[in-house]
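Biologist: I would like to learn how to read a model like this one. Please take me through it feature by feature.

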Amino acid sequence: MGIGNIFGGNSVVDTFRNMYNEVVEKKTTGKSFDRMKKALNRMEQLESEVGSGPRLTTLLTNEDLFTEFSTAYSEVLAEIAHEEYNGVHGDEKLFQNTLEAYEKSINELEGKPNADKLIAPIKEMIELGKSGISYPVFLRLCEEKGMNKALEGNIVVRESILEDIKFAQSMYLLLEVEKNQKILKVFDDIASKSKFGVPDSFEFGLEREKIEWEYAPMIKKWNRAIHIWSKMIECVVDWVDSYCSFAPTDYRWADRRGMIHTMKNIKRSQECNPGIFKAREKIFQEYFQLGWNEIFTHPTFLNEKEANRIEYSDETIDLIKNAYSYCKPFNKPDPEIINKAERIHSKIIRGK
């Protein structure tokens, strides 16, 4: 379950839908209601685009939709209270409704993952509200203490960044880890300079986007390097294996239409793979200034190996290193290389 789901239901937007529906039941109209509806429509639009995970919470925060909706919602409630009590008991009733809404939200959050992150400030606000102070004083103290900011999603945003870092670490995504650590540092730096220890969502959004743009080309280049050298390795492995005795029964070439088609597939690998390999090698050299031997000491390869994403054994990697000099158009692997490939295959079969 994503960080955004700690608001209850399937999405962070569900809470605001419920608040909106409660107001609709009172048959409310007016500018404040229209603003609330507009904010909810934008929330639902973003939800449909990115889903209900941490990314949604970040976008909602960056566009200040939590604040926009909450402000409009408060104004609508104030208008309702004014109409019902003709302005005499409006603040008192609104105060009561606010505290009841907070208590209801706690019940909805109970049992949800990471719910304590939001329940804590809500409980603090309820305790403050029940201390005997007036509604205007309550609102002022909440602003001064930054409690309302906690409810606007800043706690959730920081938690989502930590989750991004944790996920990237588990997947050995080094640049993603570095990027999100920078984002976290920016978040904390802005928060430390804030009067209430809460970062300005607009400023943080700008800084975050700057970091995202900084790392986008580096991540793209890293992933592209992996894609190209993976295809190069696969090309040499298939070329060597196509000369082995097990090739006609291997899934890479076996054709249900019969042996004639299977042998055509094998011949295609034998004749075409060296040329395809050389073309990819040239692209790799031009774009990354790296040769074949440098693949196996490059950070991208070492990281993929540590992450257990290299599908070939060390023995197979050593084999194709030796096969490299033979992998040329109109050439064949050395017989000893073929024999070794068959021994490796035999070990794999026995291992199964």
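This is a predicted model: local features need pLDDT of at least 70, side-chain atom pairs count only at pLDDT 80 or more; totals for chains, interfaces and linings use all residues.

Biologist: Are Cys235 and Cys244 buried or exposed?

Modeller: The cut-off for buried is a relative accessible area under 20%. Cys235 has 5%, so Cys235 is buried. Cys244 has a relative accessibility of 4% and therefore counts as buried too.

Biologist: What does the model say about confidence?

Modeller: The average pLDDT of the protein chain is 83, and 85% of the residues score at least 70. Over residues 1-9, pLDDT is below 50, and in the model this stretch has 35 contacts beyond near neighbours in sequence.

Biologist: How many helices and strands are there in the protein chain?

Modeller: The protein chain has 15 helices and zero strands. Of its 352 residues, 42% are buried. Among contacts with a separation of 6 or more, 66% join residues 24 or more positions apart.

Biologist: Which residues of helix H3 are buried?

Modeller: In H3, which covers residues 54-62, the buried residues are Leu56, Thr57, Thr58, Leu59, Leu60 and Thr61. After H3 comes Asp64, with a positive phi near 60°.

Biologist: How many aromatic pairs are there, and how do I read one?

Modeller: The count is 13 aromatic pairs. Take Phe69 and Tyr73: their ring centres are 6.2 Å apart and their planes lie at 15°, so this pair is stacked. The cut-off for stacked is planes under 30 degrees apart.

Biologist: Where do Phe69 and Tyr73 lie?

Modeller: An α-helix has 3.6 residues a turn, so residues three or four places apart point the same way. Phe69 and Tyr73 are both in helix H4 (residues 65-85), four residues apart, which is about one turn of the helix. Phe69 counts as buried because its relative accessibility is 0%. Tyr73, at 10%, also counts as buried.

A contrasting geometry is found in Trp292 and Phe296, an edge-to-face pair with 5.2 Å centre to centre and 80° between the planes. Trp292 and Phe296 are both buried.

Biologist: What else involves Phe296?

Modeller: Ring pairs link Phe296 into a cluster with Trp229, Phe277, Trp292, Phe301 and Tyr324. Lys321 also lies over the face of Phe296, 4.9 Å from the ring centre.

Biologist: Which residues does Thr262 touch?

Modeller: Leaving out residues up to four places away in sequence, Thr262 touches Pro248, Trp253, Ala254 and Asp255. For Lys267, look at Ser242: the two are 25 residues apart in sequence, while their C-alpha atoms are 7.8 Å apart in space.

Biologist: What is the phi of Asn308, and where is Asn308 placed?

Modeller: Again the general idea comes before the case. Most residues other than glycine have a negative phi. Asn308 has a positive phi, near 60°, and is not a glycine. Asn308 sits in the loop between helix H13 (299-306) and helix H14 (314-323). Its relative accessible area is 69%, so Asn308 is exposed.

Biologist: What about Phe330: is it buried or exposed?

Modeller: Phe330 is exposed, because its relative accessible area is 88%. Phe330 belongs to the loop between H14 and helix H15 (335-351). Its phi is positive, about 70°, although Phe330 is not a glycine.

Terms used: Residues are numbered from 1 along each chain as its sequence is written. Side-chain values use heavy atoms; hydrogens and water are left out. Buried means under 20% relative accessible area, exposed over 50%, partly exposed in between (1.4 Å probe, protein chains only). Rings of Phe, Tyr and Trp (its six-membered ring) pair if their centres lie within 6.5 Å; planes under 30 degrees apart count as stacked, over 60 as edge-to-face and the rest as tilted. Helices (H or I, at least four residues) and strands (E, at least two) are DSSP runs, numbered from the N terminus. A charge sits over a ring if NZ of Lys or CZ of Arg is within 6 Å of the ring centre and within 35 degrees of the ring normal. Contact means heavy atoms within 4.5 Å. pLDDT is the predictor's confidence in each residue, from 0 to 100.
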